[in-house]
Amino acid sequence: MTKDGRAYLQSLRDERSIYIDGRRVSDVTTDPAFANAVASAARLYDFQAHPANAEAMTFRSPTSGKPVNRAWQLPRNHGELVARRRALETWAALTCGMVGRSPDHVASTLAGLRMGLSAFRAYDPARAKALDDYFTYARDNDLFLSYVIINPQSDKAKSAKGQPDVHLVASIVDEDANGITVRGAKMLATSGVMANELLVSGFQALQAGDEAYAFTAVVPLSAKGLTLMSRRSYEQNATSTFDYPLSARFDENDAVVHFNDVKIPWDRVFVCKDLRMAQAQWHDTRAHVFQNYQCIIRLSVKLKFLLGLARKIAETNNIINYPQVRETLGLMAAKVNNIEALVVAMEAAGEEFEGYFVPNRAMLCTAQVIAQTTYPEIVEGIRTLSGGGLVMLPASYADFEAPETNAIIHQTQRSPIATSTERVKLMKLAWDAVGSEFGSRHLQYEMFYSGPTFVTRGNAFRFFDWGVVKDAVESFMASYDLPTSERNLKAAAE
């Protein structure tokens, strides 16, 4: 049977250690800080399990024969890549693109690692087998994984080992015949509280002496000694779904993960104390490409949602026919279409890699660079079109229930095409998308989840085919020279 929401919810009822506001959470499926976000994730699984969606959303595991989500599919050709992308788009649309670390994200990362299995075999056959076996296990059980690949911020001028506390950053403190022991912390476990397992790795540069920090492994959320400390819950603080329609349902959460001598068996360790492989696992495979390909697919869905929101605001404020407003919306539409065009282009220009078909890496890096500036520009466009309407809203739904304030709402919240209730509903959605704590977190997330701009632009430089463009210039320059007389004078002078 395809994994559904009920099976997913049951899988979260374990011994995981989650803390928020100084208290331990007994059940993330019912706790007011997380229950709605968890329910939204469950709806993703219910959607894929519905018979009408099975063909589009799932494929049969080559080992178990069971239908599992297409995020686990390793495409062999362009058609399979596109079919997989359409499934990811469909899932993203169910959350308006607002859940950045939905189950298909780390599944995509693991798929990229698995496609580069030869790089792991060259490094260590035992670690390659661990990765291969774990990928099969995760796929066949359609697991929801989160990951932590960033170090806690402290002294950013120093390496992991150079921090005031050598155990600030998660590191291997012991290893024996059974596996490794990890101590320290990692961030940001986005969607970690509602995942089944956690991929622990690193994306930041390591130096000689940092070998203990150079590892990649997977651990269940219920592992002994593993604790997640959540940030503030926007969901819990939302007064109602009407007031905060996105916060109340799609707050995927972020958390610091602390490892108190967590033991991880060897069959879940993919990299161990190897500085070169800690970096090579991302780019000698296609992990970096596949994980961020999923991100750009989701972002495209999210940007379309925000563009629709911008259009509705312009219509509600009756400014849609102003030339300057159409210019603004036209520019926003072009930027949104540009992201979608890059998705289609990186697929069309895809490459064969180890027998699989993957998106064009240079175009993926291009999309990452452009995405970091596009999202804040779309947010700014919504703010500009909304003006003071984003601020002057009733405090909460309760103002509709009191006769005095209800009368004022209907007198002051007006539109030629919408009722007072419809106008308030729209503007509260807009505020939640761009101005609330939820909206502000999303702005920060979309600008930096790929890394700082010098990293994304550095990758765009690294993977661009400079030879082709240089050859074009040099070929053209070789087609002409100094005029004959000048060439003769030059030869005589020499």
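Student: Which helix gives the most to the lining of the second largest pocket?

Tutor: A pocket is an open set of points on a 1 Å grid over the protein atoms alone, with protein on both sides within 12 Å along at least five of seven lines, and lining residues have an atom within 4 Å of a point. Helices are DSSP runs (H or I, at least four residues), numbered from the N terminus. With four residues, the top contributor to this lining is helix H7 (residues 125–140).

Student: What kind of model is this?

Tutor: Residues are numbered from 1 along each chain as its sequence is written, and side-chain values use heavy atoms, leaving out hydrogens and water. Local features need pLDDT of at least 70 and side-chain atom pairs count only at pLDDT 80 or more, while totals for chains, interfaces and linings use all residues, as this is a predicted model.

Student: What volume does the second largest pocket have?

Tutor: A volume is the space filled by probe spheres set on the grid points, which are joined across faces, edges and corners. For the second largest pocket, this comes to about 190 Å³.

Student: Which residues are the closest to its centre?

Tutor: The second largest pocket is lined by 13 residues. Those closest to its centre are Pro62, Leu74, Phe135, Arg139 and Tyr356.

Student: How many charged residues line the largest pocket?

Tutor: Let's start with its volume, about 1,400 Å³. Charged means Asp, Glu, Lys and Arg; Ala, Val, Leu, Ile, Met, Phe, Trp, Tyr, Cys and Pro are nonpolar, and the others, Gly among them, polar. The lining has 22 nonpolar and 17 polar residues, and its charged ones number seven.

Student: How many cavities of 30 Å³ or more are there?

Tutor: A cavity is a set of points where a 1.4 Å probe fits but cannot get out. The largest cavity holds about 80 Å³. Its lining has 16 residues, and those closest to its centre are Lys186, Ser201, Gly202, Leu206 and Tyr213. The count of cavities of 30 Å³ or more is four.

Student: With which side chain does the side chain of Gln73 make a polar contact?

Tutor: A polar contact is a pair of N or O atoms within 3.5 Å, one able to donate a hydrogen and the other to accept it; residues adjacent in sequence count only if both atoms are side-chain atoms. At 2.8 Å, the partner of Gln73 is the side chain of Arg70.

Conventions
Helix = DSSP H or I, 4+ residues; strand = E, 2+ residues; numbered from the N terminus.
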